[in-house]
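Good morning, and thank you for coming.

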Amino acid sequence: MPDFVGAQIDAAVLIGTLPAIDIVARPLGRIPLMTVAAPHYLATHGSPASAADLAQHQCIPIISSISGRVVPWRFRIEGEVTTVPVHGRVAFETAAAAVVAAKRGAGIIQLASYLVYHEVRAGTLVAVLDAVRPGSNEMFLVHPRHRLKPKKLKVFEKFLIELNPKTREKWGVRQDR
């Protein structure tokens with residue numbers, strides 16, 4: 001979570017679990033996770049039929065810049081969201097680098113849908129394990145408490161809430177709770 005006052009940040013968009021600090025958090029929707037790989041990786045190594053099959057594949061984990069640990073991969077198995085350990089030759093702190101590596105055939109990645117939207121649409125990455133897709137992460141607009149909310153923050157909040165349907169679809173944002 002940024003230091004809003006020290007860094008002079010008015011607001012931030014947070015995807016995931018809210019921290020236990022005193023902030024205002026406005027729900028904006030939900031972002032689905034996708035597990036994807038390059039078609040040529042799948043042609044060479046096969047497509048995983050289950051989350052357990054990932055143990056036989058090169059995966060491209062993301063390392064949390066906050067904890068320094070690999071972000072767990074989640075799947076819905078027998079109705080329960082379960083984390084699955086993954087391994088690979090490379091891991092990245094940034095999603096952009098992981099997407100480039102996946103497009104070049106380095107392995108399978110799991111990221112928020114909006115991070116791979118263009119690649120999936122273009123066919124440079126394809127979804128795998130959709131039958132066990134874990135659901136989605138909540139997206140929030142967060143900001144410090146204000147006695148009077150600044151007008152620019154009100155305008156930004158309204159913009160995010162009223163995003164047109166095409167942009168919501170592009171970002172993979174769903175309104176279901």
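Let me begin with a nonpolar patch, to which strand S1 (12-15), helix H3 (113-122) and helix H4 (151-161) each supply at least two residues. Please bear in mind throughout that this is a predicted model. The patch covers about 490 Å² of surface, and its members are Val13, Ile15, Tyr114, Leu115, Phe156 and Phe159.

One of these members, Phe156, is found in helix H4. Phe156 counts as partly exposed because its relative accessibility is 35%, a value between the limits of 20% and 50%. Glu157 also belongs to helix H4. Is Glu157 buried or exposed? Glu157 has a relative accessibility of 8% and therefore counts as buried. Beyond its neighbours up to four places away in sequence, Glu157 touches Arg26, Leu141 and Lys149.

Helix H3 likewise has residues away from the surface: Ser113, Val116, Tyr117 and Glu119 are its buried residues. After H3 comes Gly123, with a positive phi near 85 degrees.

Let us now step back to the chain as a whole. It contains 5 helices and 7 strands. Read from the N terminus, the order of the elements is β-β-α-β-β-α-β-α-β-β-α-α. The chain has 177 residues, and 39% of them are buried. Its accessible surface is about 10,500 Å², with 55% of that area belonging to carbon and sulfur atoms. Among contacts with a separation of 6 or more, 75% join residues 24 or more positions apart.

I turn next to the interior. In soluble globular proteins, nonpolar side chains tend to be buried together. In this model, the largest nonpolar core has 28 residues, and Leu54, Phe75, Ile109, Val116 and Leu125 have the most contacts inside it. Two or more core residues come from each of strand S2 (24-37), helix H1 (39-45), strand S3 (73-77), helix H2 (95-103) and strand S5 (109-112). Which of these elements gives the most to the core? That element is H2, with 5 residues.

Ile109 lies in strand S5, and it is counted as buried because its relative accessible area is 1%. Leaving out residues up to four places away in sequence, Ile109 touches Met34, Thr35, Val36, Ile60, Trp73, Ala98, Val99, Ala102, Val116 and Leu125. For Ile109 and Val99, which are 10 residues apart along the chain, the C-alpha atoms are separated by 7.5 Å.

My last stop is His40, in helix H1. With 42% relative accessibility, His40 counts as partly exposed. Which residues does His40 contact beyond its neighbours within four places in sequence? They are Lys103, Arg104 and Gly105. His40 and Gly105 are 65 residues apart along the chain, yet their C-alpha atoms are separated by 6.4 Å. Between these two residues, a polar atom of the His40 side chain lies 3.5 Å from the backbone nitrogen of Gly105.

That concludes the presentation, and I thank you for your attention.

Technical notes. Residues are numbered from 1 along each chain as its sequence is written. This is a predicted model: local features need pLDDT of at least 70, side-chain atom pairs count only at pLDDT 80 or more; totals for chains, interfaces and linings use all residues. Side-chain values use heavy atoms; hydrogens and water are left out. A nonpolar core is a set of buried Ala, Val, Leu, Ile, Met, Phe, Trp, Tyr and Cys residues joined through side-chain atoms within 4.5 Å. Buried means under 20% relative accessible area, exposed over 50%, partly exposed in between (1.4 Å probe, protein chains only). Helices (H or I, at least four residues) and strands (E, at least two) are DSSP runs, numbered from the N terminus. Patches are made of residues with over 30% relative accessible area and no salt bridge: like charges are joined within 9 Å, nonpolar side chains (Val, Leu, Ile, Met, Phe, Trp, Tyr) within 5 Å. Accessible areas come from the Shrake-Rupley method with a 1.4 Å probe; for residues, only the protein chains shown count as cover. A salt bridge is a side-chain nitrogen of Lys or Arg within 4 Å of a carboxyl oxygen of Asp or Glu. Contact means heavy atoms within 4.5 Å. A polar contact is a pair of N or O atoms within 3.5 Å; within protein, one must be able to donate a hydrogen and the other to accept it, and residues adjacent in sequence count only if both atoms are side-chain atoms.
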